[in-house]
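Thank you all for coming. I would like to take you slowly through one structure, beginning with a pair of helices and then turning to the sheets.

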Amino acid sequence: MTGCENVRGFLGAFLDGELPPGESQSVERHVRQCPVCRSERERLDRLNTALREALGAGGEVAWDPFWRGLERRLEAKRRWPATMAEWLESAFAPAKLAWAIPLVLVALIGLLSLESVPPIGRRDRNSFAAVESINAYGQNVALFRDSETRTTVIWLEQNQEGQDEAPTTPEPSPAF
Amino acid sequence: MRLRQLPSQALLFSLLVLFGAHAEGAEGFSQAVRVTIGTILASNQSDEVDARLAPIKHQFRAFKYRSYRLLKEESQTVAWGSSATFDIPGGRRLVVSPENFREKQIALKVRLEGGEKLDTTVKLQNRGHFMLGGPPHEGGVLILSISAAAQ
């Protein structure tokens, strides 16, 4: 440690007595020989002296409010990420996550079962019925699907000769 | 309760929930069908539409009758594979047999007898309905609204 820049970098620690003995002696030697570094040391000495005098004049510094304020600010800064991290950690803990599976299943089943809840006006809900087979035993039969109302109609045509109950007045066929 | 035991218990609970959902969702779980037959007289003798038919009134646009009157409505709970007979005005009978319930669709075998004869098998959505019309009655025609709901 011979360069001025090196020595100046350690001057503060040297003055505070924080350097190991070997380094401390090396700095001491350099400062004795180097006027620039000696001048720097003297400047730091004066500063230390002034600071000590100032602190001595004011008595004990009340550091408590400062530390409390600092703690508050640190706490505020760390609050939301820390809270979020804690929440995520607890929410995704394996044990709780395992319980989330049945809960999600129950929710899904609940949603799916809503489909089977009959709406108000139960008959209004209708979709096309699929007619798989029709046998009208020789009678004319028509199959009609109204896409607008989604209604499926099987219509037995009236025979010209009439069957059990011929209408007293001829009725028109349905409009399909 | 040890924390380590929780996942296995949750897994067991999940399996039970899944099993329950499967049983509920499996249409075979349904033991019976509620079949409802509404007998409607359609005619041109007036312009009145029965207030009780309001929920399906819009479906009458398919027909060109002006008057619709609900003559009767009857519901029966029918077990799968068995049948129920509904009396229809004019000495007719409607025999309804729920056959199966697959993919949320109810397969119904319907037989009209005692006058006009008709056999049909229809698949309709659970709680859905279809119409069977045409038999003449009292100067008009009968329209049967046939609905089914798995129980």
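H1(A) passes H2(A) in a left-handed crossing, where left-handed is the term used if the near helix is turned anticlockwise from the far one by less than a right angle, and right-handed if clockwise. This is a predicted model, in which local features need pLDDT of at least 70 and side-chain atom pairs count only at pLDDT 80 or more, while totals for chains, interfaces and linings use all residues. Residues are numbered from 1 along each chain as its sequence is written, and chains are lettered from A and ligands numbered from 1 in the order in which they are written.

Helices (H or I, at least four residues) and strands (E, at least two) are DSSP runs, numbered from the N terminus. Helix H1 covers residues 4-15 of chain A and helix H2 residues 21-33 of chain A, and the two pack at about 115 degrees with their axes 10 Å apart; the axes are lines fitted to C-alpha atoms, for helices over the stretch in contact, and angles run from 0 to 180 degrees between N-to-C directions.

Which residues of H1(A) meet H2(A)? They are A:Val7, A:Phe10 and A:Phe14, and on the side of H2(A) they face A:Glu23, A:Ser24, A:Val27, A:His30 and A:Val31, contact being counted when C-beta atoms, placed from the backbone, lie within 7 Å. After H1(A) comes A:Gly17, with a positive phi near 70 degrees.

Let me move to the sheets. Six strands form an open sheet with mixed pairing, in the order S2(A)-S3(A)-S7(B)-S8(B)-S1(B)-S2(B), and strands pair here if DSSP finds at least two bridges between them. Within this sheet, S3 (residues 151-156) of chain A and S7 (residues 129-137) of chain B run parallel and are joined by three bridges, and A:Trp155 has B:Gly133 as its bridge partner in S7(B).

An open sheet of five strands is antiparallel, ordered S1(A)-S6(B)-S5(B)-S4(B)-S3(B). Strand S1 (130-135) of chain A and strand S3 (84-88) of chain B each have a single partner strand, so one side of each is left without a neighbour in the sheet.

Finally, a word on confidence. Chain A has a mean pLDDT (the predictor's confidence in each residue, from 0 to 100) of 75, and 76% of its residues reach 70 or more. Over residues 116-126 of chain A the pLDDT stays under 50, and over residues 161-172 of chain A it is below 50. Where pLDDT is low, the predicted coordinates should not be read in detail.

Key: Two residues are in contact if their C-beta atoms, placed from the backbone, lie within 7 Å.
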